[in-house]
Amino acid sequence: MAGPERTEAAEQRSVAVLGTSLTRRLDAIGTGAYVVDEEGRILAVNTHARDVLARSAEDLLGHDAHDLLHRDAHGRPLPRARCGMRQAFHAGRTAQAEEDHFARGDGSLLPIAWLITPYDIGDAGAGTLVLFHPVEHTPGSGPPPEPTGRPLPELERLALLADVTTRLTSTLDVDEALERLVSLVVPRLADWVIIDLITEHDEVWRTAVVHADGGTLVRREDLQGPMSPVPEASPMPLSRALRGVASTVTGPDTYRREPDSGLAVEQRRLFDTTGMHSAAITPIRSTRSVLGALTLGRNEDPVAFTTADLPLVEDIARRAGLALDNARLYQRQRKVAETMQNHLLPQMPGVPGLQMTVRYLPAPDASQVGGDWYDAFPMSDGSTALAIGDVVGHDLEAAAGMAQVRNMLRAYAWSQHEPPSRIVARLDEALQHITDVDMATMIFARIEAADDDGQWQLSWTNAGHPPPLLISRDGLARYLTDGHGILLGVGAGTPRPDATTLLPPGSTLVLYTDGLIEAPGQSLDEGLNRLRRHAAALAHRPLASFTDHLLRRVRPADNEDDVALLALRTPSTTG
């Protein structure tokens with residue numbers, strides 16, 4: 001589709017090419033003159049206008065004429081709903097005013113009189129010609145054309161726009177943003193709201209068709225779903241909006257003529273089913289592309305939409321576009337981050353006689369990845385290595401550092417037949433010289449079957465990490481506080497301790513990161529006690545259920561950190 005795919009550079013090139021021929025014609029006019037396209041962007045401007053406005057061609061071409069030039073008598077940006085020129089532009093009619101104001105390039109205010117009229121720009125579509133000349137400032141000499149219809153009072157309009165901005169920008173969930181948009185405009189402005197969105201694959205999806213039935217919003221799912229492609233040259237209102245061309249006031253008669261596309265067929269069905277007698281359709285744009293179209297319709301309200309309503313609908317759609325674009329970018333980043341995290345965290349090996357399960361919960365921020373990690377892998381001597389760690393940081397850099405730490409640990413553990421403390425000491429020395437990791441905490445352990453009574457032996461060293469929790473089959477829970485040393489990356493060079501214990505039959509070992517136990521306003525001891533109590537109460541559950549319930553019960557509701565958890569259970573003895 002031409003609209004969504006058209007880049008800003010391409011738009012500027014097309015404006016420049018078209019403007020060259022138009023400018024030659026405009027220079028023959030003895031007053032300030034410029035031509036705008038169907039979106040209100042300046043296509044060409046004559047020399048007289050550039051001189052009067054104290055602006056270069058580069059300052060003018062391609063810019064929205066209203067946003068760039070139009071001001072009120074005090075030099076403030078002129079609301080579109082109060083702009084008589086804008087309303088005439090939307091209506092496609094000739095209009096004039098004896099006193100308005102333009103902003104000059106030097107910051108001064110220029111009182112002007114203007115005339116606006118439709119203007120044929122050939123193959124490029126319909127244009128509008130604006131003629132203007134400076135006037136002496138004579139207050140009250142000629143008010144701008146009065147809008148027709150029933151626009152909102154100015155204070156109510158500003159309150160609505162403020163509400164739209166606040167509510168739409170306070171969520172990064174696309175579905176939630178759409179729900180909020182619907183509730184803001186129906187029934188406040190219309191009886192119906194229809195939202196058509198362009199997907200990442202340039203397909204159109206009718207995402208929402210909602211009707212205000214008294215105080216209840218009723219979603220018409222039978223009218224939602226996939227739509228036909230957007231025709232490149234269709235003059236029909238929805239097609240133009242989805243190409244980002246222009247806003248339009250329309251009605252059912254427009255779509256009762258011979259349809260020019262499948263999109264027009266669906267629009268006829270929409271009008272026939274809903275009974276709408278009037279609709280305002282406007283593009284939903286981001287700063288980069290066209291995201292879709294917003295349609296407001298009336299069937300119970302007898303007052304039809306007019307071009308005076310379009311500036312307000314455009315303002316709402318513009319804010320919706322920015323909010324939707326931000327939400328889409330957030331969700332895209334979240335998806336990429338989650339995929340990255342899933343590839344960084346390993347699958348657990350099968351160890352005969354041991355049950356093992358792992359969980360990772362990302363932080364609730366946009367990056368969705370962090371430095372928390374777990375690992376388990378077979379050793380060359382037949383034992384199994386266990387690791388849990390946390391690289392300082394909560395972003396992609398921390399995740400990359402985590403991958404470095406994990407891979408280096410695997411290499412040292414496999415090649416060096418040494419106690420856990422010595423392997424971690426080697427890792428610490430390497431981190432300080434060949435990685436960008438500043439600091440990290442970690443537990444590295446080795447587990448293997450003992451010789452008697454079905455017990456398993458655990459040997460470990462702790463580099464500044466929260467201590468492992470061991471829960472017996474009978475629900476006795478204790479922290480393994482031995483083997484504790486300084487965290488990685490501080491360069492202390494002090495010897496690291498080892499610790500060893502036996503894991504009784506049916507016992508559960510929990511390795512975790514600090515996101516599970518830390519909460520604002522609570523001490524670390526409170527978090528550790530909360531984990532111990534709930535782990536003891538859940539000791540009888542199957543390991544997967546134990547792990548899931550432990551996370552739900554213990555992780556603080558206002559936690560802003562990611563959580564990694566590794567739990568294993570030794571086999572019970574059979575009587």
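This is a predicted model: local features need pLDDT of at least 70, side-chain atom pairs count only at pLDDT 80 or more; totals for chains, interfaces and linings use all residues.
Strand β1 (residues 32-36) and strand β6 (residues 126-134) run antiparallel and are joined by 5 bridges. Within this pair, Tyr34 stands opposite Val130 of β6.

Now step back to the whole chain. The protein chain has 575 residues, and 52% of them are buried. It holds 15 helices and 24 strands. Take the contacts between residues at least 6 apart in sequence: 63% of them join residues at least 24 apart. The accessible surface comes to about 25500 Å². Carbon and sulfur atoms account for 51% of that surface.

Next, the interior. In soluble globular proteins, nonpolar side chains tend to be buried together. The largest nonpolar core here has 35 residues. Val193, Ile195, Leu294, Leu296 and Ile316 have the most contacts inside it. Several elements each supply at least two residues of this core: α7 (154-169), α8 (174-185), β7 (192-198), β8 (204-213), β12 (278-285), β13 (290-298) and α11 (310-344). Helix α11 gives the most, with 9 residues. Another core, of 25 residues, lies apart from the largest one. Among its residues are Leu69, Met85, Ile112 and Val130.

Which residues does Leu294 contact, leaving aside its neighbours within four places in sequence? They are Leu181, Val193, Ile194, Ile195, Ala280, Ile281, Thr282, Ile284, Val313, Ile316 and Ala317.

Some loops have backbone details to look at. Between α8 and β7 runs a loop that contains Pro187. A cis peptide bond joins Val186 to Pro187, with omega of about 5°. The loop between β7 and β8 holds Asp202. Asp202 is not a glycine, yet its phi is positive, about 60°. Its relative accessible area is 30%, so Asp202 is partly exposed. Ala54 lies in the loop between α3 (47-53) and α4 (57-60). The phi of Ala54 is also a positive value in a residue other than glycine, near 55°. Is Ala54 buried or partly exposed? At 36% relative accessibility, Ala54 counts as partly exposed.

The buried residues of α13 are Pro420, Ser421, Ile423, Val424, Leu427, Asp428, Ala430 and Leu431. An α-helix has 3.6 residues a turn, so residues three or four places apart point the same way.

A second open sheet has 5 strands, in the order β14-β24-β23-β19-β20. Its pairing is antiparallel. The edge strands are β14 (355-361) and β20 (477-479), each pairing on one side only. From one strand to the next, the twist averages 15°.

Walk across this sheet. β14 and β24 pair over 7 bridges. There, Val563 in β24 is the bridge partner of Leu361. β24 and β23 are joined by 5 bridges, and Leu509 stands opposite Leu568 in β24. Strand β23 (residues 508-512) then meets strand β19 (residues 469-471) over 3 bridges. Here Leu469 stands opposite Val510 in β23.

Why is β24 described as largely enclosed by the rest of the structure? Because 7 of its 7 residues are buried. Val563, Leu565, Ala567 and Arg569 point one way from β24, and Ala564, Leu566 and Leu568 point the other way.

One last stop is Asn559, in the loop between α15 (543-554) and β24 (563-569). Its relative accessibility is 8%, so Asn559 counts as buried. Asn559 and Glu518 are 41 residues apart in sequence. In space, their C-alpha atoms are 7.5 Å apart.

Note on methods:
Residues are numbered from 1 along each chain as its sequence is written. Side-chain values use heavy atoms; hydrogens and water are left out. Buried means under 20% relative accessible area, exposed over 50%, partly exposed in between (1.4 Å probe, protein chains only). Helices (H or I, at least four residues) and strands (E, at least two) are DSSP runs, numbered from the N terminus. Two strands pair if DSSP finds at least two bridges between them. Axes are lines fitted to C-alpha atoms, for helices over the stretch in contact, and angles run from 0 to 180 degrees between N-to-C directions. A nonpolar core is a set of buried Ala, Val, Leu, Ile, Met, Phe, Trp, Tyr and Cys residues joined through side-chain atoms within 4.5 Å. Contact means heavy atoms within 4.5 Å. Accessible areas come from the Shrake-Rupley method with a 1.4 Å probe; for residues, only the protein chains shown count as cover.
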